[in-house]
Amino acid sequence: MGGGSAVKWLAFWWLSVCSCSSFVYGGNFYEDFEINWGEDRAKIFNSGALLSLSLDNLSGSGFHSKKTYLFGRIDMQLKLVAGNSAGTVTAYYLSSEGPRHDEIDFEFLGNLSGDPYILHTNVFTEGKGNREQQFYLWFDPTKNFHTYSIIWNPQQIVFLVDNYPIREFRNAEVFGVPFPNTQPMRIYSSLWNADNWATRGGLIKIDWTHSPFTAYYRNFNFNATTTTADYSSKSSSAASPHAVYQLDAFGRRRLRWVQKYFMIYNYCTDLKRFPQGLPPECNHHHY
């Protein structure tokens, strides 16, 4: 099946099985987040229902959650910078603090008009990342809002796009691989100048004649806990399925399909990068 046919088939499948109305949203940007840099380049609208970040030649902008979270599901709808977004990065991620921090990343790497965005994912544990997987998307993320989700529990981290799992990072502590399960994390997002690396390895720079560059956020939802005790309480409750969430057979078929047709980089297959041997989680398929 050719790439174009794959995109069309997946789009048809998505329309057939995914009902975006199944998402339940209840957050308010005024109540749940703080704008932490960029001054008036970050704006909240519609009584707290919509937020925008902008980047110009002086500064980018960003926000973070007021609370920290330890396990759960986080959903956020984004509409990315349209047009020539080369050199820009829109980041949406969870992170703890300190030199041995944990982090779970979505980063959207801008590109020249007409070229697709690259969705860059990474997982940091105890301050170490280098676990990148990258994807093209099967839609234009600048035309409409789409939902980007993280499910995080002690067994695994699952990245989802419009409820399609695109990546699973399973707990491999038994093989000596640290897993983020002790440090609560805040939700962060930012829009910033990364033209030293973001587009074609830094060859394409930001064209400031197109600034300001703007991304939009809405319809976020937390079904998350803040402490291990809170998680333990919820994990025994049918009201919190994410506490014990695992991909079922249908979810695994979706994951394999996305990775077959839309993954463009996987650190676990990059033998040139790791000449002394792949990271241990790669050898045990826990990435």
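## Strand 7 and the annotated residues

Glu 107 lies in strand 7, and Glu 103 is found in the strand as well, which spans residues 103-109. Strands (E, at least two residues) and helices (H or I, at least four) are DSSP runs numbered from the N terminus. An unreviewed UniProt entry carries the annotation "active site" for Glu 103 and Glu 107; positions from UniProt are given in the numbering used here, feature names are shortened, and annotations may be inferred rather than shown by experiment.

## Basis of the model

This is a predicted model, in which local features need pLDDT of at least 70 and side-chain atom pairs count only at pLDDT 80 or more, while totals for chains, interfaces and linings use all residues. Residues are numbered from 1 along each chain as its sequence is written, and side-chain values use heavy atoms, with hydrogens and water left out.

Contacts (heavy atoms within 4.5 Å) link Glu 103 to Tyr 93, Leu 94, Ser 95, Asn 122, Val 123, Phe 124 and Met 185, leaving aside neighbours within four places in sequence. The side chain of Glu 103 also makes a polar contact with the side chain of His 101, at 2.8 Å. A polar contact is a pair of N or O atoms within 3.5 Å; within protein, one must be able to donate a hydrogen and the other to accept it, and residues adjacent in sequence count only if both atoms are side-chain atoms.

Glu 107 counts as buried because its relative accessibility is 14%. Not counting residues up to four places away in sequence, Glu 107 touches Val 89, Thr 90, Ala 91, Ile 118, Leu 119, His 120, Trp 192 and Trp 197.

## Helix 4

The buried residues of helix 4 are Gly 251, Arg 254, Leu 255, Trp 257, Val 258 and Phe 262. Viewed down the helix axis, these residues fall within an arc of 165°, so they line one face of helix 4; the arc is that of the directions from the axis to the C-beta atoms. The face turned away from the buried side carries the exposed residues Ala 249, Arg 256 and Lys 260.

## The chain as a whole

The chain contains 5 helices and 15 strands. Of its 287 residues, 54% are buried. Among contacts with a separation of 6 or more, 68% join residues 24 or more positions apart.

Technical notes:
Buried < 20%, exposed > 50% of the residue type's maximum accessible area, 1.4 Å probe, protein only.
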